[in-house]
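Q: I would like to learn how to read salt bridges in a structure. Can we work through one together?

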Amino acid sequence: MATSTNKLLCVKCEKVRATSKCAGCSHDYCYDHLRDHRQELNIQLDHIGNNHNHFRQRLNKYINNSQIHAFTQQIDQWEKESINKIQQKANENRELLKKHINENRELLKKHINENIHQIEINLNKQTDQLRNIVKENDFNEIDLNELNEKLKELERQLHQPSNISIQNNSTSSFINEITVVISSGESVTLISNTLSKLCKSFVGC
């Protein structure tokens with residue numbers, strides 16, 4: 001800081017006194033103002049240090065956010081491609097179903113009529129059973145559960161004839177599963193049963 005001690009004009013008080021020259025600004029300061037000047041420099045240094053720390057924080061935040069953004073983009077791209085595959089597979093099966101129905105309309109109509117006829121037969125049987133139970137007043141929880149299950153089965157047959165079915169292939173892997181691998185070697189599986197259920201909700205997945 002100080003390089004010499006001479007009686008010169010102090011740049012602050014403008015008095016001739018024993019002074020020291022600042023090697024940084026090359027000005028002469030008396031001892032009192034030299035301390036003030038030094039304090040000013042310390043304040044400036046603290047200010048620079050604070051700015052440095054703030055910049056470091058912003059840099060770290062930028063680096064972290066940039067990495068997250070980059071990885072998020074990869075996951076978003078995987079999601080988009082997977083959804084496209086599901087939609088494509090669903091459309092293919094819809095078209096296949098339409099084609100099959102158009103080519104076998106009479107046969108399907110026959111199967112549907114036969115299915116409805118059988119449902120009516122079973123429903124009439126249950127009607128007679130219900131009438132008998134009410135008439136005799138002879139039933140318990142087992143009887144009620146049995147009647148309820150038979151009715152549910154008739155409903156299922158009505159909405160899904162036995163000759164037409166949608167099958168879920170649980171072994172299909174046309175959608176690749178992705179994981180996030182941490183540097184420590186640990187991994188977190190991002191794709192859970194939710195995606196599997198989503199896939200199975202589409203026809204033919």
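Q: How many residues apart are E95 and K98 in helix α1?

A: Three, so about one helical turn separates E95 from K98. Helices here are DSSP runs (H or I, at least four residues), numbered from the N terminus. A caution on sources: this is a predicted model, where local features need pLDDT of at least 70, side-chain atom pairs count only at pLDDT 80 or more, and totals for chains, interfaces and linings use all residues. Residues are numbered from 1 along each chain as its sequence is written, and side-chain values use heavy atoms, with hydrogens and water left out.

Q: What is a salt bridge?

A: Side chains of opposite charge can pair when their charged atoms come close. The cut-off: a side-chain nitrogen of Lys or Arg within 4 Å of a carboxyl oxygen of Asp or Glu. The structure holds six salt bridges. One of them joins E95 and K98, with the closest N and O atoms 4.0 Å apart.

Q: Which residue does R35 meet in a salt bridge?

A: D32, at 2.7 Å from N to O.

Q: Is R35 buried or exposed?

A: Buried means under 20% relative accessible area, exposed over 50%, partly exposed in between (1.4 Å probe, protein chains only). R35 is exposed, at 55%. D32 is partly exposed, at 39%.

Q: Where do K150 and E146 lie?

A: In helix α3 (residues 141-159), four residues apart, about one turn of the helix. K150 is partly exposed at 36%, and E146 is partly exposed at 36%.

Technical notes. Helix = DSSP H or I, 4+ residues; strand = E, 2+ residues; numbered from the N terminus.
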